[in-house]
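Please look through the sequence and the model shown here before reading on. The notes that follow are grouped by topic.

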Amino acid sequence: MDAAGKRFDMHVPVIVIGAGACGLVGALKAHDCGADVLVLERDDTPAGSTALSSGFIPAAGTRFQTAAGIDDSPGLFAEDIRHKAKGLSAEPLVKMAANNCGGVLEWLQDSHGLEWVVIGDFLYPGHSRHRMHSVPERTGAALMARLLNAAENAGISVACGAQVSELYADGATVRGVGVLRRDGNRETIGCDALLLACSGFGGNKQLVAQYIPEMADALFFGHAGNRGDALEWAAALGARLRDLAGYQGHGSVATPHGILISWALMMEGGIQVNTEGARFANEHLGYSEQAVEVLRQSDGIAWNVYDERLHRLGMEFEDYRQAVSAGAIRSAEDVGGLCVATGLPEEALAETFACMVRYRNGDSADPFGRDFSGELPWRPPYFAVKVTGAMFHTQGGAMIDSAARIVDRNGNPIGNVCAGGGAACGVSGPHASGYLSGNGLLTAVAFGAIAGETCARMALEASASPAE
């Protein structure tokens, strides 16, 4: 909306829209750079896509990796990102993310007390090094709790139940926002800089059908508030949008329970079979593209099948323990018993088991291209869980520059608006197969911190300028 002559109810130097990982990291950085910040969150309790995620953040060359004996570098990380996306991701953003994320995690520990552990049990698809960093609880909800605690300790105001309904702009410069409260009251808040951190458009079925038709009818396992507001605002300001067909899928959501089953089970030796008891894809290519493969199967379902060793690995994850408690995990002492528990055809599943033995022994090659050599033989009891494919969050959005400012089609920064996380274009390119594990939180954290610093600088420059 036109800001000409607009009087705002109050003024805050920096406004952040969205209290997920991107928004909170951005707010903490802006605060540390000397700016007053207000975070506006539409939900009554901040959660968003971050709380629904594993909470694992990939970063390279950190002191946490060094302490664990892991030799890694931002350059190697960037190469892994490029390789997964087949060179189709925005190269400047790849470098920004890979070069900055590690330093952000170290700053969060040094300045705000967040603890990080490196997940060294297994490699996620596409990563050549152990670089997933997590808070000790290993959940996205715990990451959110620690970020919120840091914001509270820093004295940052997080207003919940505050839905931004419009932006007030003077040309390309945003002067303030309109806010709708839960009680129906409306207020306007002026600002000197704005950070769009309110994620993507996965919760908007119309936009998903338009840009990602293959997932139009799929389960959306992200946050319902991801309606594409930031996309619409950025476009109205003249921002270039890119890679809107990109997204993170996941081929392992327990159904009908709606519980994520860690892909670590597949990477460490598990398989997926369809209702006919046959494998249908290479499980090691990645969980994002596997969502489409699962949805292509009869009724859009598959079964994760694995043994006792992998069940014990699963029990290290909170989501898996929840699935056990919910009765989603079936088990039996032999193939026949597992087929009784799942309804899978015994002859076909037994043949699938026999094929795995031949692949491990090198007697024949997997037709889907998975390398079974070096994988441990299975030992009973055996386990299975019924899963479906889902979409977690979109990866396309507004293009940003090296300072996380949104840019026009010529690459020129627009006004006083920054973006990160799902509001900005990510590093996965235009396809689900380009999603490297952790890309969502990678850009949320790395771009959020850069955006926070830029917003603080713009706000401080505005306060130092003579009043008009």
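His284 touches Pro125, Met266, Met267, Arg370 and Glu375, leaving out residues up to four places away in sequence, where touching means heavy atoms within 4.5 Å. This is a predicted model, in which local features need pLDDT of at least 70 and side-chain atom pairs count only at pLDDT 80 or more, while totals for chains, interfaces and linings use all residues. Residues are numbered from 1 along each chain as its sequence is written, and side-chain values use heavy atoms, with hydrogens and water left out.

**Around His284**
- His284 is partly exposed at 22% relative accessibility, on a scale where buried means under 20% relative accessible area, exposed over 50% and partly exposed in between (1.4 Å probe, protein chains only).
- A polar atom of the His284 side chain lies 3.0 Å from the backbone oxygen of Met266.
- His284 and Ala326 are 42 residues apart in sequence, and their C-alpha atoms are 27 Å apart in space.

**Nonpolar core**
- In the largest nonpolar core, which has 98 residues, Leu40, Leu108, Leu194 and Leu196 touch the most other members; such a core is a set of buried Ala, Val, Leu, Ile, Met, Phe, Trp, Tyr and Cys residues joined through side-chain atoms within 4.5 Å.

**Backbone details**
- Most residues other than glycine have a negative phi, and most peptide bonds are trans.
- The peptide bond from Thr255 to Pro256 is cis, with omega near 10°, and the bond from Pro380 to Pro381 is cis, with omega near 5°.
- Asp243, which is not a glycine, has a positive phi of about 55° and is buried, with a relative accessible area of 13%.

Note on methods: A polar contact is a pair of N or O atoms within 3.5 Å; within protein, one must be able to donate a hydrogen and the other to accept it, and residues adjacent in sequence count only if both atoms are side-chain atoms.
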